[in-house]
Amino acid sequence: QWQIEAVEKNAKAAVHHESIIDLTKSIDIIKSKFRKSYRSLINENKYGIRCRIVGKDINPNIWDESRELHKREAGRGTRSDETWEIQYQIIVEGGGFLSTVRDENQNMIGCGFFEITRDEAQYSSAAYRRDLFRLPIGHIAQFKAINEMQKRGCKEYYIGRYSTLHDEQRPSDKELAISH
């Protein structure tokens with residue numbers, strides 16, 4: 001019956017893909033599923049950078065640093081001050097964390113914001129220095145975040161929609177690059 005009602009109301013089916021990691025698997029199994037060319041790159045020591053998880057004890061200066069990095073790399077403010085404050089409060093209240101990456105001079109060169117519940121984690125936003133894209137900054141931040149999610153007992157990590165050229169509405173080049 002529901003199919004008939006849907007057709008009568010001009011509904012149509014659309015397929016899209018989601019990227020989800022099963023965090024109940026060991027970290028070695030999770031890493032083994034990464035693209036082979038990226039596995040060896042996930043090594044902070046190899047690049048002289050340090051990745052750190054910042055949670056409830058976040059210093060407001062660190063949050064401001066991440067916000068400025070995001071604005072600088074995007075070339076503009078991408079959201080309101082209110083939403084930045086909401087995300088900061090999520091971290092302070094234990095519902096999220098920041099995965100920060102710093103160079104040898106302690107400059108923030110990347111950061112990712114992740115939200116968590118008891119069972120699930122979700123990728124929310126990130127910023128990485130574009131002039132350092134040759135380095136696997138985002139991969140290292142993500143891997144450190146996955147470790148943190150497991151420590152916190154999360155069972156699934158929802159990365160987001162996986163965009164392809166076959167999607168009904170063509171994704172932007174940025175969406176395709178992120179999915180890749």
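Predicted model: local features only at pLDDT ≥ 70, side-chain atom pairs only at ≥ 80, totals over all residues.
Tutor: Residues are numbered from 1 along each chain as its sequence is written, and side-chain values use heavy atoms, with hydrogens and water left out.

Student: How many helices and strands does the protein have, and what makes a stretch count as one?

Tutor: The protein has eight helices and six strands. A helix is a DSSP run of H or I with at least four residues, a strand is a run of E with at least two, and numbering starts from the N terminus. The pattern along the sequence is α-β-α-α-α-β-α-α-β-β-β-α-β-α.

Student: Why are β5 and β6 called paired?

Tutor: Two strands pair if DSSP finds at least two bridges between them. Three bridges join β5 to β6 (residues 156–162), so the two strands meet that rule; they run parallel.

Student: What makes β1 and β2 edge strands?

Tutor: The open sheet of six strands has the order β1-β6-β5-β4-β3-β2, with mixed pairing. β1 (17–22) and β2 (50–54) each pair on one side only, and they are therefore the edge strands.

Student: Which strands does helix α5 touch, and what counts as contact?

Tutor: Contact means heavy atoms within 4.5 Å. Helix α5 packs on the sheet and touches β2, β3 (96–102), β4 and β5. Its direction makes about 110 degrees with that of β4, where axes are lines fitted to C-alpha atoms, for helices over the stretch in contact, and angles run from 0 to 180 degrees between N-to-C directions. Helix α7 (residues 137–151) lies across β1, β2, β3, β4, β5 and β6, at about 145 degrees to β3.

Student: How do you know what share of the protein is buried?

Tutor: Buried means under 20% relative accessible area (1.4 Å probe, protein chains only). Of the 180 residues, 37% count as buried.

Student: What classes of residue line the largest cavity?

Tutor: Its lining has seven nonpolar, four polar and no charged residues. Trp63 and Leu98 are among the lining residues; Trp and Leu count as nonpolar.

Key: 1 Å grid on protein atoms, 1.4 Å probe; cavity = no way out; pocket = protein on both sides within 12 Å on 5 of 7 lines; lining within 4 Å. Buried < 20%, exposed > 50% of the residue type's maximum accessible area, 1.4 Å probe, protein only.
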